[in-house]
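Please consult the sequence and the structure shown below while reading.

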Amino acid sequence: MRSFLIGLFLLGAFACNLKSVSAHRIVNGGGGAIGEQPLSKIAIHEAVLALRESASVKAYPSLLGLKRKKVIEISDYGSASSCYQESDSKMQSPYICSAPIKYKFANDSNLSYTKAGKATIRFQLINQRADFSFALFSGGLSKVRDSFLQPIQLQKTKVEFIFPIYGPYFCVLCPNAFANVKIIVVKIVARTHTFVLQPKLVAVSNYISFANPKAPLYPRLAQGKSWNEMTVTWTSGYNIDEAIPFVEWGLKGHQQGRTPGGTLTFTRNSMCGSPARTVGWRDPGFIHTGFLKELWPNTRYTYKLGHRLNNGSYIWSKMYLFKSSPFPGQDSLQRVIIFGDMGKAERDGSNEYSNYQPGSLNTTDQLIDDLENFDIVFHIGDLAYANGYISQWDQFTSQVEPIASAVPYMVASGNHERDWPGTGSFYDTKDSGGECGVLAETMFFVPAENRAKYSTDYGMFHFCIADTEHDWREGSEQYKFIEKCLASADRQKQPWLIFAAHRVLGYSSDKWYGEEGSFEEPMGRESLQRLWQKYKVDIAFYGHVHNYERSCPVYQSTCVNSETSHYSGTVNGTIHVVAGGGGSHLSAFSPVNTTWSLFKDYDFGFIKLTAFNHSSLLFEYKKSSDGKVYDSFTISRDYRDVLACVHDGCEATTLAS
């Protein structure tokens with residue numbers, strides 16, 4: 001059966017001469033491999049113009065955003081008047097203007113589309129600073145060369161035995177392929193014919209526009225470099241020569257003041273490779289950040305984003321609300337959410353050709369529903385899984401906006417944000433799709449002096465966030481940072497010391513780790529476990545492995561506490577938690593049962609930490625499907641328990657009086 005594809009494109013101009021585009025393949029056009037970016041399935045550079053008078057696409061409504069409706073969207077054309085040509089001959093594949101933003105098959109709403117020739121398809125659009133248009137393609141997702149057999153002569157034979165049906169035979173009378181019955185087997189004497197399928201553009205719709213495509217959108221809060229500072233980052237279409245960005249904010253119900261925003265962007269040349277430099281590239285707009293300083297602790301503030309245009313008029317976002325951070329050591333109820341590897345998904349059912357992040361929306365929606373019951377979020381790597389398709393970062397920031405606009409949304413660097421060969425990443429892989437950290441580090445603020453590692457305080461918590469995409473081993477710059485961060489915690493004021501990183505530097509029963517025999521990222525805990533023990537880290541969190549697992553308090557692969565649900569007294573050993581089930585395809589466990597693993601769950605979920613005071617902490621693992629608690633434990637202790645001497649965790653003493 002022929003396949004027809006509807007794709008949504010952002011229009012700078014659809015001016016790429018498809019007939020002259022290089023016909024290099026960028027992906028296998030076969031079945032969806034787990035973890036493969038859905039947009040990489042569409043080989044637009046192999047498409048040919050085949051516009052038909054008999055085919056048409058009509059998109060409506062033609063103007064969106066008058067009442068801040070969410071947009072209905074489909075895919076994206078190029079943003080330049082000619083195709084970009086990579087200067088490096090080794091990177092000529094792909095060689096194309098731009099990939100679509102979304103796609104659906106035309107028979108999604110009408111299974112008889114290929115016969116009836118009519119269908120209505122709904123897309124949800126968001127403002128991405130340009131007009132949209134929809135395109136109808138036939139011929140499949142990519143160029144496929146195949147062959148078929150044309151029968152010349154049929155030779156029939158009666159047989160009676162058990163056999164499987166293979167090769168150039170087909171069964172005429174068979175209850176099943178292994179039946180012990182009299183059957184007729186037909187052998188085909190045939191001639192082979194070869195044919196080629198490739199995408200053909202057969203129709204293009206009218207334009208769909210937003211009332212104000214440059215409007216400030218998708219605010220995301222983050223902790224500043226001091227406890228009483230909050231940062232607001234947002235995206236717009238306004239450069240500084242068009243408008244001055246600022247945040248209007250203040251105590252809820254009081255007079256509002258204004259803080260200017262800085263402006264950043266990046267170009268195609270900032271990308272390290274394909275598809276980010278080629279098929280995946282599109283203009284990211286402008287990223288603005290305002291710094292709201294000298295906040296009162298635990299206080300509600302309102303804010304809205306603004307741009308003062310050169311003509312003196314103003315463009316505004318809607319009003320938002322957040323609560324400022326508590327003073328370090330403040331004794332109050334403090335609640336933290338932690339997960340990794342969430343990604344994004346499409347509420348309109350588009351784009352998910354390979355079921356890329358099936359749990360993403362469930363996690364997002366559970367957090368939105370419970371927004372009043374937590375104070376800060378840590379998304380520890382593998383954020384959008386854009387993998388070089390720049391349009392997907394708008395989609396991701398739109399998806400998390402209800403959360404990130406209300407509480408600090410802190411991020412860590414993962415392999416799908418940073419890794420690219422020859423760019424200084426610790427792993428020489430192409431997992432970032434050529435983004436090499438530029439997108440994540442521009443789209444989200446972290447209080448880091450250099451790269452993506454940082455420390456931050458939230459009341460009674462002290463967080464040390466490591467960057468596993470750069471060297472962490474003993475003697476490295478990052479090792480020194482980690483030790484300095486752990487040592488800087490004032491455990492009398494901040495009793496809860498948390499370490500977090502993307503890759504599993506501690507313990508995991510992941511299938512692949514098990515096959516390696518390490519049950520960790522290679523070289524992971526060998527360098528760091530002495531630091532965790534010396535500074536008495538309570539819990540270490542990881543993503544990367546897409547499931548949930550909790551260890552006992554462990555040191556050097558040995559459980560140092562026999563309890564499973566309540567821990568009290570001296571701090572000895574660190575509890576290691578894999579929380580990578582935020583939304584991306586799940587990871588299998590090793591069949592080996594390790595002695596340090598207490599709880600495993602092959603499902604999507606997230607962690608909630610609740611500090612009631614300096615002596616009592618509650619840990620909960622919740623599933624994204626229903627928000628219910630499926631694993632939990634508590635910690636109760638006093639300050640003297642943190643000071644107590646344990647193996648490899650003792651302060652120096654002297655016999656002198």
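## The loop between S20 and H3

Tyr-385 is located in the loop between S20 and H3, where helices (H or I, at least four residues) and strands (E, at least two) are DSSP runs numbered from the N terminus. The phi angle of Tyr-385 is near 55°, a positive value in a residue other than glycine. With a relative accessible area of 2%, Tyr-385 is buried; buried means under 20% relative accessible area, exposed over 50%, and partly exposed in between, with a 1.4 Å probe and protein chains only.

Asp-382 belongs to the loop between strand S20 (376-380) and helix H3 (391-404). Its phi is likewise positive, near 55°, and Asp-382 is not a glycine. Asp-382 counts as buried because its relative accessibility is 2%.

## Basis of the model

The model is predicted: local features need pLDDT of at least 70, side-chain atom pairs count only at pLDDT 80 or more, and totals for chains, interfaces and linings use all residues. Residues are numbered from 1 along each chain as its sequence is written, and side-chain values use heavy atoms, with hydrogens and water left out.

## Cis peptide bonds

A cis peptide bond with omega of about -5° joins Tyr-60 and Pro-61. Pro-61 sits in the loop between strand S2 (48-49) and strand S3 (63-64).

Another cis peptide bond joins Ser-274 and Pro-275, with omega of about 10°. Pro-275 is placed in the loop between strand S14 (257-264) and strand S15 (286-292).

## Disulfides

The model contains four disulfides, a disulfide being a pair of cysteine sulfur atoms within 2.5 Å. One of them joins Cys-464 to Cys-485, with an S to S distance of 2.1 Å. The torsion about the S-S bond of Cys-464 and Cys-485 is about -100°, so this disulfide is left-handed. The pair links distant parts of the chain, 21 residues apart: Cys-464 is in strand S23 (residues 461-465) and Cys-485 in helix H6 (residues 477-487). Cys-464 and Cys-485 are both buried.

A disulfide is also formed by Cys-552 and Cys-559, whose sulfur atoms are 2.0 Å apart. The link of Cys-552 and Cys-559 is left-handed, with -90° about the S-S bond. Cys-552 is buried at a relative accessible area of 1%, whereas Cys-559 is partly exposed at 30%. In the disulfide of Cys-645 and Cys-650, the sulfur atoms are 1.6 Å apart. The link of Cys-645 and Cys-650 is right-handed, with 80° about the S-S bond. Cys-645 is exposed, its relative accessible area being 57%, while Cys-650 is partly exposed at 41%.

Rolling a probe the size of a water molecule over the atoms shows where empty space is left. On a 1 Å grid over the protein atoms alone, a cavity is a set of points where a 1.4 Å probe fits but cannot get out, and lining residues have an atom within 4 Å of a point. Grid points are joined across faces, edges and corners, and a volume is the space filled by probe spheres set on the points. The count comes to five cavities of 30 Å³ or more.

The largest cavity holds about 40 Å³ of space. Twelve residues line the largest cavity, and those closest to its centre are Ser-98, Ala-99, Pro-100, Gly-280 and Ser-391. The lining comprises seven nonpolar, three polar and two charged residues; Ala, Val, Leu, Ile, Met, Phe, Trp, Tyr, Cys and Pro count as nonpolar, Asp, Glu, Lys and Arg as charged, and the others, Gly among them, as polar.

## Contacts of Asn-228

Asn-228 lies in the loop between strand S11 (217-223) and strand S12 (230-236). Apart from its neighbours within four places in sequence, Asn-228 is in contact (heavy atoms within 4.5 Å) with Leu-292, Lys-293, Glu-294 and Leu-295. A separation of 7.5 Å is found between the C-alpha atoms of Asn-228 and Phe-327, which are 99 residues apart along the chain.

## Overall composition

The protein has nine helices and 33 strands. Of its 657 residues, 57% count as buried. Among contacts between residues at least 6 apart in sequence, 75% join residues at least 24 apart.

The accessible surface comes to about 27,900 Å², of which 51% belongs to carbon and sulfur atoms. Accessible areas come from the Shrake-Rupley method with a 1.4 Å probe, and for residues only the protein chains shown count as cover.

Terms used:
On a 1 Å grid over the protein atoms alone, a cavity is a set of points where a 1.4 Å probe fits but cannot get out, and a pocket is an open set with protein on both sides within 12 Å along at least five of seven lines; lining residues have an atom within 4 Å of a point.
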